[in-house]
Amino acid sequence: MQNDQTTDPANPLRNYPVVLIAFNRPNMVRQVLDSIRPAKPPVLMVCIDGPREGRSDDPERIEATTKVFDEVDWECDVQIKRQGKNLGCRYNPAFAIQWMLDTYGAGVIMEDDCVASPSFL
């Protein structure tokens with residue numbers, strides 16, 4: 001990794017950041033967060049897609065999704081980027097992955113509908 005982080009020599013994968021690609025599903029994001037909590041990743045990079053045109057409920061749901069990350073209860077550098085407009089399933093994940101690679105060079109990629117198994121990291 002390019003940035004200095006706490007290292008775990010017993011499990012080097014725990015040293016990598018997790019990038020979580022999200023949208024407007026706070027309940028699903030909470031499930032994903034709960035599933036990665038036991039791994040306690042040192043960095044959580046969250047990339048939340050912006051609201052869709054003509055969907056008046058998106059801003060409120062995106063805000064609720066963002067607030068889920070206030071529930072991180074371990075030592076973790078939580079970084080959140082919210083898109084100003086909807087990039088969609090093609091461009092928002094690409095943006096998030098590039099952000100992670102540019103910042104850390106490597107990491108674990110998760111989406112808001114992927115619950116981690118107990119053996120995750």
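## Starting with Arg 52

Let's begin with one side chain: Arg 52 counts as partly exposed, with 31% relative accessibility. (Buried is under 20% relative accessible area, exposed is over 50%, and partly exposed is in between, using a 1.4 Å probe and protein chains only.) The side chain of Arg 52 meets that of Asp 58 in a salt bridge, at 2.8 Å from N to O. (A salt bridge puts a side-chain nitrogen of Lys or Arg within 4 Å of a carboxyl oxygen of Asp or Glu.) Asp 58 itself is buried, with a relative accessible area of 0%.

A word on the model: it is predicted, so local features need pLDDT of at least 70 and side-chain atom pairs count only at pLDDT 80 or more, while totals for chains, interfaces and linings use all residues. Residues are numbered from 1 along each chain as its sequence is written, and side-chain values use heavy atoms, with hydrogens and water left out.

## The sheet

The strands come together in an open sheet of 4, in the order S3-S2-S1-S4, with parallel pairing. S3 and S4 sit at the edges, each pairing on one side only. From one strand to the next, the twist averages 20°. (Strands are DSSP runs of E with at least two residues, helices are runs of H or I with at least four, and both are numbered from the N terminus; two strands pair if DSSP finds at least two bridges between them.) In general, strands of a sheet pair through backbone hydrogen bonds, either parallel or antiparallel.

Take S2 (43-48). Towards S1, 5 bridges join the two strands, which run parallel. In that pairing, Val 19 stands opposite Met 45, and Leu 20 stands opposite Val 46. Towards S3 (residues 77-82), there are 6 bridges, again with parallel strands, and the bridge partner of Val 46 in S3 is Ile 80. S2 is also well hidden: 6 of its 6 residues are buried. Val 43, Met 45 and Cys 47 are covered on one face, and Leu 44, Val 46 and Ile 48 on the other.

## Helices around the strands

How does the chain get from S1 to S2? It crosses through H1, and this β-α-β crossover is right-handed. (Right-handed means that, with the strands pointing away from the viewer, the path from the first strand over the helix to the second runs clockwise.) S2, H2 and S3 make a right-handed β-α-β unit too.

Then there is helix H3 (residues 88-104), which lies across S1, S2, S3 and S4 and runs at about 150° to S2. (Axes are lines fitted to C-alpha atoms, for helices over the stretch in contact, and angles run from 0 to 180 degrees between N-to-C directions.)

## Inside the core

The largest nonpolar core has 22 residues, and Ile 36, Leu 44, Met 110 and Phe 120 have the most contacts inside it. Strands S1 (18-22), S2 and S4 (108-111), along with helices H1 (26-36) and H2 (58-68), each give it two or more residues. H1 gives the most, with 4. (A nonpolar core is a set of buried Ala, Val, Leu, Ile, Met, Phe, Trp, Tyr and Cys residues joined through side-chain atoms within 4.5 Å.)

Beyond its neighbours within four places in sequence, Met 110 is in contact (heavy atoms within 4.5 Å) with residues including Val 18, Leu 20, Val 32, Ile 36 and Phe 120. A second, separate core has 9 residues, among them Val 19, Val 43, Met 45 and Trp 99.

## Back to the charges

Across the whole structure there are 7 salt bridges. One of them joins the side chains of Asp 112 and Arg 25, at 2.5 Å from N to O. Asp 112 lies in the segment after S4 and Arg 25 in the loop between S1 and H1, so this pair ties together parts 87 residues apart in sequence. Is Asp 112 buried or exposed? Asp 112 counts as buried, at 4% relative accessibility, whereas Arg 25 counts as partly exposed at 30%.

Arg 55 and Asp 57 form another salt bridge, with their closest N and O atoms 3.5 Å apart. Both count as partly exposed, Arg 55 at 37% relative accessibility and Asp 57 at 31%.
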